[in-house]
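Let's take a friendly walk through a protein structure together. Keep the picture open beside you as you read.

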Amino acid sequence: MLAVLPLPEKGQTAPGQTGQGMISGGATALPRPKPSGRPWPVTFTDVAAQAGLRMQYTYGHPQKKKYVIEANGAGVAFFDYNGDGLLDVFLVNGSKLEGFPAGAAPTNHLFQNKGKGQFADVTKSAKLDQSGWGNGVCAGDFDNDGHTDLYVTYFGKNLLQRNNGDGTFSDVTARSGTGGSGKEWSTGCTFVDYDRDGHLDLLVTRYLNFQIEKSPLPGAYPFCMWKGSPVYCGPRGLPFGSLALYHNKGDGTFEDVSVPSGISAVKGFYAFTAVATDFDGDGWPDLYIACDSTPSILFHNQKNGTFRDIGTETGLAYNDNGSEQAGMGLSVGDFDNDGRIDILKTNFTGDYPNLYRNLGKGLFGDVCLRAGLAVNPDHVLWGTGFADLDNDGWKDIVQVSGHVYPEVAQIDAREHYQRARLVYRNLGGGRFEDVSEMSGPGISAEHSSRGMALGDFDNDGAMDVLVMNMHEAPSLLRNELKSANHWVKLRLRGVQSNRDAIGAVVTVEAAGRVQADAVLSQSSFLSHNDLRLHFGLGAAAQVDRITVQWPSGKSEQFPGLKADALYLLVEGSGQAARQELPR
Amino acid sequence: MTGLLAVTAMALWLQAGPDALSDRAQQLAMQKRYDEAEALWKQALQAAPNHFPSLFNLGFMRYSMGQFAEAESWLKKAAQAKPDDFNSRYLLGTTCLKLDRREDALRAWKTALAVQPKNYKLMQIMSVEYSNGYYYKEACAVGRQAVELRGDAPEPWFVAIKACFEARDPETLNLTKQAAERFPNSARANFEYGFQLQKAGLRDESLPYLRKAMSQDPSYEEPFYFYGSLMLLDEQYEQAVEPLRTALKLRPDYVSACVALAKALMGLDRNQEAKEALDGCARMSPTHPQPHLFLSQVYFRLGEEEKATAEKLLSLRLRRENPTIMESPQARPFPGAPRR
């Protein structure tokens with residue numbers, strides 16, 4: 001023999017074969033704590049078909065996605081478009097690469113809540129039967145006329161749909177100047193009155209600069225691979241996205257202030273969901289944007305019409321370890337009942353979500369591991385929300401899931417395109433418990449879901465869930481709660497503030513417990529929740545005090561009120577007015 | 001005169017048998033006279049086409065010269081020429097690995113293992129490579145085989161534990177328990193058991209083993225880091241600081257320990273100390289983005305916003321310039337066929 005035989009080098013990788021389109025970690029599930037043993041009174045049943053939510057989502061090719069545009073799905077909205085006290089449903093639809101013959105393209109859908117659990121498709125009569133590659137939706141009364149309007153993002157021109165108050169909407173995009181060039185791939189959006197002038201401005205996120213003719217095909221580059229198999233390329237490796245901020249001039253038109261506001265100075269991200277509220281308690285709304293495979297962004301409102309990204313500095317850009325993540329969806333709410341607004345961000349498979357606890361002074365800490373949320377890293381998570389599902393006074397969590405590659409099981413049999421939903425019960429003390437398996441057939445059903453909205457569509461005091469499912473019908477998960485716990489719902493009306501009070505932070509005190517929540521124009525994944533805030537009260541049959549931090553900057557207290565009802569809080573009135581809750 | 005002698009000697013070698021030719025070629029190769037050595041080995045192969053030493057040494061010489069494709073073809077022939085030879089199969093596997101063909105390497109090593117079924121060292125190598133190739137179940141199985149053969153030595157246990165942990169094998173905890181029982185004085189064995197206990201959700205049970213590991217080997221940084229991280233996770237910042245400081249003292253370039261220490265100090269609102277720790281860490285690991293990322297947070301807390309921004313931008317730049325530092329394991333090449 002010539003010499004001693006050599007040892008192989010450890011951890012070799014093939015040059016040019018590393019990388020992937022999507023950021024994820026190699027995270028494995030952390031051990032589940034011992035079950036609390038407490039009864040869980042929540043059962044979700046999918047009642048979409050029986051309720052009349054009949055439509056089929058189109059979103060690229062159902063079996064094999066050639067481009068990233070086909071993968072991300074769309075948002076949904078729970079909102080009361082006709083002011084009858086019943087939540088209606090708006091669903092954004094997509095398209096496919098080949099297109100459709102004239103008149104055959106799928107459209108968005110508006111379903112009117114007729115009460116008694118029934119919906120009617122009023123898309124055409126409401127004039128919301130637009131087609132295109134739709135993505136996100138946000139809601140807000142941009143013209144302060146008392147009727148909540150919609151903004152819908154597209155790969156192409158976005159749409160600002162003015163609610164006429166007579167059951168119809170008008171496309172006011174061109175006049176408003178908020179449509180974009182028509183070449184962008186817009187995803188997230190949120191109305192926000194960033195300058196506190198009482199008019200809702202608009203932030204639009206653009207995922208990436210997608211040009212189909214320039215986009216490489218599956219397998220062409222390392223970022224077009226997933227675990228060694230060719231898949232659609234991106235987002236990594238594709239040109240970054242951008243942001244647009246439109247200032248509402250109060251006359252139905254908007255001005256693009258992306259440059260002077262400092263929004264467009266931030267580069268290098270793939271932006272999805274946007275949320276707007278006052279995260280640091282300084283009375284001015286900030287903007288947080290979940291970014292895919294790049295650091296997420298927190299725009300701090302500088303109170304002079306400009307913003308500065310302080311996501312990294314405040315702990316909101318990365319996870320606890322300082323790693324970039326594939327941010328998709330956002331929940332915003334006070335999970336630990338300390339009166340501060342926290343954030344939950346969903347990410348890709350092989351990774352954990354982030355539970356960013358608001359530490360005060362505008363600082364955040366990712367407490368996902370400690371909270372017990374690092375137990376399902378085999379899910380690609382999208383829509384998410386904090387909601388007190390059992391009305392015990394602690395906000396629980398709902399998340400929807402589904403892989404991006406339909407063929408993923410052929411690549412790695414451990415992964416699945418369709419997955420069950422997840423429900424976590426808030427145990428208090430900053431801890432959660434996975435109760436998905438106890439939450440009924442609506443949760444255990446497997447779909448590839450994306451958008452999700454929270455709201456109480458049947459006004460029974462239990463929060464329900466609306467879900468977008470890729471290439472299927474939507475899900476309407478009715479919460480069949482069996483509990484004597486009390487609750488209260490609050491609808492805010494701005495006077496000096498924007499009429500829908502988007503961005504307001506509400507604190508409810510009951511039986512010595514303090515809870516906070518925010519009125520949002522968008523959250524979850526590119527979706528819009530019920531504008532009415534819902535607080536579980538546990539055994540407390542009375543709310544002792546309500547404090548509203550209005551978007552105008554004013555703080556207002558409302559006196560105590562009885563539980564199990566909806567109240568209207570009008571800015572400056574100092575009184576809560578009980579409202580009817582039609583069933 | 002010297003040249004004439006060399007030519008004469010060469011002529012004599014050419015008349016010799018393949019063994020003698022190969023021996024001479026080997027001497028020449030050791031003198032780095034590769035061309036002459038190759039000529040002699042090829043001469044030997046003309047006389048005896050399946051002459052194993054010539055085939056193997058040609059392969060080895062090519063391997064040593066970094067010519068892996070050529071090495072592979074000679075080593076394949078060598079392995080065919082001598083079916084009961086271990087070394088040719090082993091080296092063939094190593095060559096395939098150099099050619100970024102991990103699966104062929106593992107195939108070759110499997111045949112080598114058939115020749116030497118008790119070669120626990122090769123089993124350990126295979127376990128590591130199975131893991132690198134995402135063949136976690138196979139990595140765990142062969143690792144355990146090595147333990148069965150050499151359970152009296154700690155190293156096979158540790159290789160098997162790592163592989164089985166990655167394979168999410170339910171027996172991993174038991175494996176580490178056995179290792180801790182077998183090697184009660186080994187800090188590594190106690191640490192591994194404590195680590196697995198924590199991963200199994202038995203946090204409180206894990207702590208005595210971690211403490212034992214720390215006291216058994218005060219120069220072994222891992223238990224200090226892990227113990228400190230556990231305290232940090234539980235927001236017991238005060239208890240986290242000292243073990244993390246020790247881990248960092250033992251390994252000054254241990255960025256994870258440094259960041260954890262900084263986070264514990266920030267939790268205690270001791271931001272100046274956190275800054276000092278991160279500064280030291282940034283000096284030790286100048287291309288690592290993490291110290292700068294957390295320095296950005298510390299400066300922000302200290303009210304020095306310009307420095308916070310500068311550190312953020314530096315961190316971002318370093319992240320882009322050194323993507324592998326923070327790259328996820330998912331980015332490694334993955335086997336073509338699905339793993340079930």
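Let's begin with a way of sorting residues: Ala, Val, Leu, Ile, Met, Phe, Trp, Tyr, Cys and Pro count as nonpolar, Asp, Glu, Lys and Arg count as charged, and the others, Gly among them, count as polar. By that sorting, the residues lining the largest cavity divide into 11 nonpolar, seven polar and five charged. A cavity here is a set of points, on a 1 Å grid over the protein atoms alone, where a 1.4 Å probe fits but cannot get out, and its lining residues have an atom within 4 Å of a point.

This is a predicted model, in which local features need pLDDT of at least 70 and side-chain atom pairs count only at pLDDT 80 or more, while totals for chains, interfaces and linings use all residues. Residues are numbered from 1 along each chain as its sequence is written, chains are lettered from A and ligands numbered from 1 in the order in which they are written, and side-chain values use heavy atoms, with hydrogens and water left out.

Now look inside the largest cavity, which holds about 250 Å³ of space; a volume is the space filled by probe spheres set on the points, and grid points are joined across faces, edges and corners. Of its 23 lining residues, Phe386(A), Asp517(A), Ala518(A), Asn529(A) and Leu533(A) lie nearest the centre. Which strand gives the most to this lining? That is β24(A), with four residues. Strands are DSSP runs (E, at least two residues), as are helices (H or I, at least four), numbered from the N terminus.

The second largest cavity has a volume of about 50 Å³. Among the residues lining this second cavity is Pro551(A), which is also in contact (heavy atoms within 4.5 Å) with Asn498(A). Asn498(A) sits in the loop between β31 (486-493) and β32 (505-510) of chain A. Because its relative accessibility is 0%, Asn498(A) counts as buried; buried means under 20% relative accessible area, exposed over 50%, and partly exposed in between (1.4 Å probe, protein chains only).

Finally, find the disulfides, each a pair of cysteine sulfur atoms within 2.5 Å. The whole structure has three of them over all chains. One is formed by Cys138(A) and Cys189(A), with sulfur atoms 2.4 Å apart. This pair links distant parts of the chain, 51 residues apart, from strand β6 to strand β10 of chain A.

Terms used: 1 Å grid on protein atoms, 1.4 Å probe; cavity = no way out; pocket = protein on both sides within 12 Å on 5 of 7 lines; lining within 4 Å. Lists of a residue's contacts leave out its neighbours within four places in sequence.
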